Amino acid sequence: MHNENHGDVRNLVQAGVAHVHLPDGRRTPGDLPTWQQVLVDRVSEQARLMELLTGDGSVTCVGISGTSGVGKSALALYCLNRVVKRFEHGQLYYDFNAQGRPVGLVDAVRYCLKSLGGQVPVDPGEAAARLRSELSERRVVVVLDNIAELDGLRELRPSTGSLLLFTTHRNVDDLRFDGVEPIALDVFDLDSGVELLEKLCPDGRVAREPDAARELVELCGFLPVALRIVGGMLVKRKSRRLSALVAELRNDDVRHARMRNTLKHVVEDLSPGERDLYLLLGLVPGPTFSAPAAAALADLLPHVAEELLDELRTSNLLEENDREQFRFHDLVGLHAKKLAEAEFSHDAARAARLRLVEWYRTQGAFADRAVTEPSRLRVGGDDDLVAGANPFDKTSGLEWLENERPNILALAELCAEYRWDEAVISFCDGPLWALHNHHKNYRDTLAALKSGVGAAERAGDLRAEARMRSLRVQLWTELASYDAARDEAALAVAAAERSGNRRILASALEFQGKLHLAEESWDDAIALFRQALALNEEVGRPRGMAIQHYLIGKALNGRGDHEESFAHLDVALGLLAGFPDERRLPGRVRLVIASGHQQLGWHSEAVELLREVVDQTRARNASFELAEALELLGISLAETGDSAASREHLTEALDIYRQAGHPAADRVLRRLG
């Protein structure tokens, strides 16, 4: 199968060779398949290739690269057919995927020599030299389509006049130094994919169902060859609605069955080590993976995993982003997943995934402790995983958590399926909660914590159940879903009481108190915080004591008891001084102090303190917490007469609230008018 964008590839079989005999016995072959279709997209790539084909002849080798099915052959044949007369001494075409048997570069060389009417030396090196000599004496184009092994191409590059053009799924940038002009093709964008569907199915169905057409493009992984397959299915059944085909292809098994031959030859060209890793990566539940994660999955040394990943990337089976993470092209990932399901036993797949989970648990535990206070309450059972020096500081730890969030969520879901309950709890209470304290992702985190509750219940772990439910209370409270928060809080406190763990009970009461705080039930909130304070004093937890003094001060501030509020907040700051790495809570305490200054009309003092809090919060890269400080600062700036700066800060706060989906956005919007 060729990699063109249009037409039925089954009609593009290698044509019979039309030879014109020259007086010296040499022949002028005309192997090039005809190509009448119009290309979609590829404007810049087409212009570049035409420039190379119609230039002064100094460029003698062009390599078109891209993943299988992206349209490499189509671009080559379309452009060559437009300039075929420039190669008056012959056009040679050899498709490595159409020979019916494994072939190498030497087979292509021998075919070309036979077609040119020259002698064919037995020795491969001599044969390559003979072909290069033949090409240098004429004006011939040689097209090597779907070549996988690029070693040896430099020995074929003509010195002048003729052109060697090859297409490959491997990256060819490194061959630029060998005189190869590279042209790289990527998958289509959405609009180009829809345009191709319209050309393949020109009866108006695409225009009538634009949403279904866009989803078809996505289901096809934006690959031209997959879209052409879909177009053929639509043409065969004139009455078929696009939405019906979408429903069919949403099933991974069906989509894989339709598209699997697209990648057949690419995978066959992999080395054993590359193929093994390719299949193992099909077991990864998340969208991306780093080299260290791949090493853990495959039980490889890190440098070996890096080398294999680089080969898979060079084969255009993987993409690498700017965060040193790899990802599959969409259909490639489905292909790897289905091959892994077919070839790995349940036990082998389970063992590989468990290695990946344990690696992520360890990294997540380190990142959590770099980003949040190491001594905070945790119930995930991961203390033994963090022996030795922490590889993260606060900045790199938060960056890792942000980059890996989708993968951690996917792994938590996978662990729930396998009933690896401790791992589910560890992911929820460790990296996901640490990240939530800096950047809010309510829907995903709520769903993960629900799995955490289920894992704790299955394990009969009342401590973990109380903790998972308490964290859900916090999220429901932040979302102003007070009924849901109230129900969850009652269950959390009940589980904590049954657990007999005083620290867990103190935490559950704290979260219940924060619900009352949000509802402005000041007295109820203060009563719960005082209970939690007593429990923390009982178990000797100074940080827990500091948190309760802070919360009591916040509730008193809300009630208007500012003098008593400031006293509790001062105690909180004094206790927190014993935790020099704790940078979040002191800022929260000062925020309440600034709020008290506002209520007392001390706006100049509030502005000074809030600017300090804003700067510190920005330095911690805690985007959501920044919103509240910006909002309060905007209020006090307005009161001091600086309306322009006030509006600037309120607008920034509004953007943060909106991005997080937080109800406070409506409040700020009303203030902005």
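Start by selecting glutamate 51 and arginine 48: their side chains meet in a salt bridge, 3.4 Å from N to O (the term means a side-chain nitrogen of Lys or Arg within 4 Å of a carboxyl oxygen of Asp or Glu). Since they are three residues apart in helix H1, about one helical turn separates the two. Glutamate 51 is partly exposed at 49% relative accessible area, and arginine 48 is partly exposed at 29% (buried is under 20%, exposed over 50%, partly exposed in between, with a 1.4 Å probe and protein chains only). Helices here are DSSP runs of H or I with at least four residues, strands are E runs of at least two, and both are numbered from the N terminus.

Before you move on: this is a predicted model, where local features need pLDDT of at least 70 and side-chain atom pairs count only at pLDDT 80 or more, while totals for chains, interfaces and linings use all residues. Numbering runs from 1 along each chain as its sequence is written, and side-chain values use heavy atoms, with hydrogens and water left out.

Stay in helix H1 (residues 43–53) and pick glutamate 45.

Next, show strands S8, S10 and S9. In that order they make an open three-stranded sheet with antiparallel pairing. Strand S8 (289–290) and strand S9 (318–320) are the edges, each pairing on one side only. S8 and strand S10 (residues 325–328) pair over two bridges; for a pair, DSSP has to find at least two bridges between the strands. Click serine 290 and you'll find its bridge partner in S10, glutamine 325.

Now for the rings. The structure holds ten aromatic pairs (Phe, Tyr and Trp rings, the six-membered one for Trp, with centres within 6.5 Å; planes under 30 degrees apart are stacked, over 60 edge-to-face, the rest tilted). One of them is tyrosine 278 with phenylalanine 328, edge-to-face at 5.7 Å centre to centre and 90 degrees between the planes. This pair links distant parts of the chain, with tyrosine 278 in helix H12 (residues 272–281) and phenylalanine 328 in strand S10, 50 residues apart. Tyrosine 278 is buried at 0% relative accessibility, and phenylalanine 328 is buried at 10%.

Jump to arginine 502 and glutamate 538, whose side chains meet in a salt bridge of 3.3 Å, N to O. Arginine 502 lies in helix H22 (residues 502–518) and glutamate 538 in helix H23 (residues 522–539), so the bridge ties together parts that are 36 residues apart in sequence. The end C-alpha atoms of residues 506–539 lie 10 Å apart, and the span is 91% helix and 0% strand.

Last stop: leucine 650, in helix H29 (residues 643–660). Is leucine 650 buried or exposed? It is buried, with a relative accessible area of 4%. Not counting residues up to four places away, leucine 650 touches Glu631, Gly634, Val668, Arg671 and Leu672.

How values were computed:
Contact = heavy atoms within 4.5 Å.
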